[in-house]
Amino acid sequence: MSDQLKHIRLPGPLARALLLLPLGLALTGAWFSVRWYIGDTIAEYVNADNRGLDTARLAANLAPGDPLTHWRLGDIESITLPPEQLGQAIKEYEQAV
């Protein structure tokens, strides 16, 4: 049974850093993926009533590269903002495209 055990020896700090690098990359990727997912989900279910503009802005901040969040923010801004501020909605539409 003892011949099945494998011991890993890390001779120096470079080897330890090389082992920790994939872990760091995986955690960073997971962080951005979860933020994107949460922002996308919020944008999908937000409505223009009941603090919709604040919620849509939160979604766009969580997932800044997601076109859906900017498109929904532009939709809600075009509904809730006065006509003088429609330039903000147009900027969100442009960013989505």
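Mentor: A salt bridge here is a side-chain nitrogen of Lys or Arg within 4 Å of a carboxyl oxygen of Asp or Glu. The model is predicted, so local features need pLDDT of at least 70, side-chain atom pairs count only at pLDDT 80 or more, and totals for chains, interfaces and linings use all residues. Residues are numbered from 1 along each chain as its sequence is written, and side-chain values use heavy atoms, leaving out hydrogens and water.

Trainee: How many salt bridges does that rule give?

Mentor: The count comes to 3. In one of them, Glu77 meets Arg57 at 3.7 Å, N to O. That pair links distant parts of the chain. Glu77 sits in helix H3 (residues 67-80) and Arg57 in helix H2 (residues 52-62), 20 residues apart.

Trainee: Is Glu77 buried or exposed?

Mentor: Buried, with a relative accessible area of 3%. Buried means under 20% relative accessible area, exposed over 50%, partly exposed in between (1.4 Å probe, protein chains only). Arg57 is partly exposed at 32%.

Trainee: What does Asp75 pair with?

Mentor: Arg72, with the closest N and O atoms 3.9 Å apart. Both lie in helix H3, 3 residues apart, about one turn of the helix. Arg72 is partly exposed, at 21%.

Trainee: And which residue does Arg51 bridge to?

Mentor: Asp54, also with a closest N to O distance of 3.9 Å. Arg51 is exposed at 59%. Asp54 is partly exposed at 41%.

Trainee: New topic. Where is Glu92?

Mentor: In helix H4. Glu92 is buried yet has no salt bridge. The nearest side chain of opposite charge is Arg57, 6.9 Å away. For charge, Lys and Arg count as positive, Asp and Glu as negative; His and the chain ends are not counted.

Trainee: What is Glu92 in contact with?

Mentor: Leaving aside neighbours within four places in sequence, His70, Leu73, Gly74 and Glu77. Contact means heavy atoms within 4.5 Å.

Trainee: Zoom out. How many helices and strands are there?

Mentor: The protein chain has 4 helices and 0 strands. Helices (H or I, at least four residues) and strands (E, at least two) are DSSP runs, numbered from the N terminus.

Trainee: What does the C-alpha trace span?

Mentor: About 75 × 25 × 20 Å along its principal axes. Buried residues make up 22% of the 97 residues.

Trainee: What is the average pLDDT?

Mentor: The chain averages 88, and 97% of the residues score at least 70. pLDDT is the predictor's confidence in each residue, from 0 to 100.
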